[in-house]
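Subject: Structure handover

Hi,

As promised, here is the structure, with my notes below it.

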Amino acid sequence: MKKGSMHSTQRLIRLLILLTAWICASSDPSCAGVDVNESSTQINTGRYATWEDAPASIEEFDHDNNEDICRLPIISLKKWEAGKFWLYNQPFIVTNVTDDWPALRRWTKDEFLRHYPDVVVGMGTSRELGQTGPDDAGDALSKTTINDYVFNWMHNMKRDNYVFDRKLNMPDGLLEDCQPYPQPLRHFVEDPLSVFNSDLPNNFLWKDHLALTIGRDQQGLTFHRHNAALNIVVFGAKRWILYDAERFSQNITRLKRMTRDIDNPIQLSTPNWFRELYNKNERQEEIRNYGHDCVQRAGEMLYVPRGWAHMVINIGDSVAVVSERGLDA
Ligand SMILES: O=C(O)CCC(=O)C(=O)O
């Protein structure tokens, strides 16, 4: 083909592509945002093609949030925001929080690895993270990237490496994937000055803090406590044990007896706590009277009030974002 006619053919093809994109966008708005490169190349996702394909201990650890066991209000996002329930000393599960989040599309395993392979995350063992408390775990964490974590650590059964770095705020792209934020986080985005000018002390203020956590089945932080916090599961599921701060505020031995074996007071991993301790002594009765045992599903937010002791076990590969009152970017 002659050089001149080759150029005009290429120009024609380019014009046709533009025209098709324009027709597509004007007839179907969802076409407009499609990045041609986004799904045209296959991404290696490692041993399990999707988050959902990885092993999940549903039989052993899942339950259906029976009212006598979970005992938590499970409410819509609208009700949560109208009632300002983050001001209460009562945990909640809030549904449909991620319905409009781009993360649902951009954090599927392949898209996550395509968009964010080099994002730096901190990983540590679930027990160390729980024991130190996630806010002070900085030294117990080693830094890696999302790509390295997913390929070399996440399903390495010889090691327990869990990405849970409360102090490492997510970079911009990831933050945008989690919008609209639920309240009380959205308030800061919309009107940061009113938060900064507030008379309340810093540890009462919800700011723009949002951190990422990624882990496999049966990982999860052992018992710990901190300021009021939110946890939103994007993919996967988490089972929580929550224990009312009031119940042990005057009796710290009660908390120790609850979380550890009296005869051998090392902290067990969360799966082993369920297997070896939950049914023994008074623990199950304590939780049924003064606590909660709930499964949080993808799209749901769990609110933990200040000081409540809690521990978590992931059911399957789980990707979640967390925020804590008082922390900022
Ligand atoms: O997901 C976990 O393992 C722990 C979550 C937690 O403790 C929190 O968000 O405060």
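In which sense do β3 and β5 pair, and over how many bridges? The two strands pair in the antiparallel sense, over two bridges. In one of the contacts across to β5, Gly 124 has Tyr 162 as its bridge partner. Strands here are DSSP runs of E with at least two residues and helices are runs of H or I with at least four, both numbered from the N terminus; two strands count as paired if DSSP finds at least two bridges between them.

Before going further, some housekeeping. This is a predicted model, in which local features need pLDDT of at least 70 and side-chain atom pairs count only at pLDDT 80 or more, while totals for chains, interfaces and linings use all residues. Residues are numbered from 1 along each chain as its sequence is written.

**Overall picture**

The chain has 15 helices and 12 strands. Among contacts with a separation of 6 or more, 83% come from residues 24 or more positions apart; a contact means C-beta atoms, placed from the backbone, within 7 Å.

**The nine-stranded sheet**

Nine strands make an open sheet of mixed pairing, in the order β1-β2-β10-β7-β12-β6-β5-β3-β4. β1 and β4 (142-145) are at the edges with a single partner strand each, so one side of each has no neighbour in the sheet. On average, neighbouring strands of this sheet are turned by 30° against each other, direction ignored. For angles, axes are lines fitted to C-alpha atoms (for helices over the stretch in contact), and values run from 0 to 180 degrees between N-to-C directions.

Within this sheet, β7 pairs with β12 (residues 318-324) in the antiparallel sense over six bridges, and Ile 232 stands opposite Val 321 in β12. β5 and β6 also run antiparallel, joined by three bridges, with Val 163 opposite Ile 214 in β6. Helix α8 (residues 146-153) lies across β3 (120-124), β4, β5 (162-169) and β6 (211-215), and runs at about 95° to β4.

**The core**

The largest nonpolar core has 70 residues, and those touching the most other members are Tyr 149, Val 163, Leu 212, Ile 232, Val 234 and Val 321. Strand β7 (residues 229-235) gives the most to this core, with six residues. Such a core is a set of buried Ala, Val, Leu, Ile, Met, Phe, Trp, Tyr and Cys residues joined through C-beta atoms within 7 Å. Leaving aside neighbours within four places in sequence, Val 163 is in contact with Val 121, Gly 122, Met 123, Tyr 149, Leu 212, Thr 213, Ile 214 and Gly 215.

**The three-stranded sheet**

An open, antiparallel sheet of three strands has the order β9-β8-β11. β9 (291-297) and β11 are its edges, each with a single partner strand, so one side of each is left without a neighbour in the sheet. Neighbouring strands here are turned by 15° against each other on average, direction ignored. β8 (residues 237-243) and β9 pair in the antiparallel sense over seven bridges, and Trp 240 stands opposite Cys 294 in β9. α15 packs on this sheet, touching β8 and β9, and its direction makes about 80° with that of β9.

**Around the ligand**

The ligand is surrounded by Thr 213, Gly 220, Leu 221, Ala 229, Asn 231, Lys 238, Val 304, His 310, Val 312 and Val 322, where a residue is near if its C-beta atom, placed from the backbone, lies within 6 Å. β7 and β11 (309-314) are the elements that give two or more residues to this shell.

**Backbone details**

Most residues other than glycine have a negative phi, and most peptide bonds are trans. Cis peptide bonds join Gln 179 to Pro 180, with omega about 0°, and Gln 183 to Pro 184, with omega about 10°. Pro 180 lies in the loop between α9 (172-176) and α10 (185-190), and Pro 184 is found in the loop between α9 and α10 too. Asn 65 has a positive phi near 55° and is partly exposed, with 18 other C-beta atoms within 10 Å.

Happy browsing!

Terms used:
A residue is buried if 20 or more other C-beta atoms lie within 10 Å of its own, exposed if 12 or fewer, and partly exposed in between; C-beta atoms are placed from the backbone. Two residues are in contact if their C-beta atoms, placed from the backbone, lie within 7 Å.
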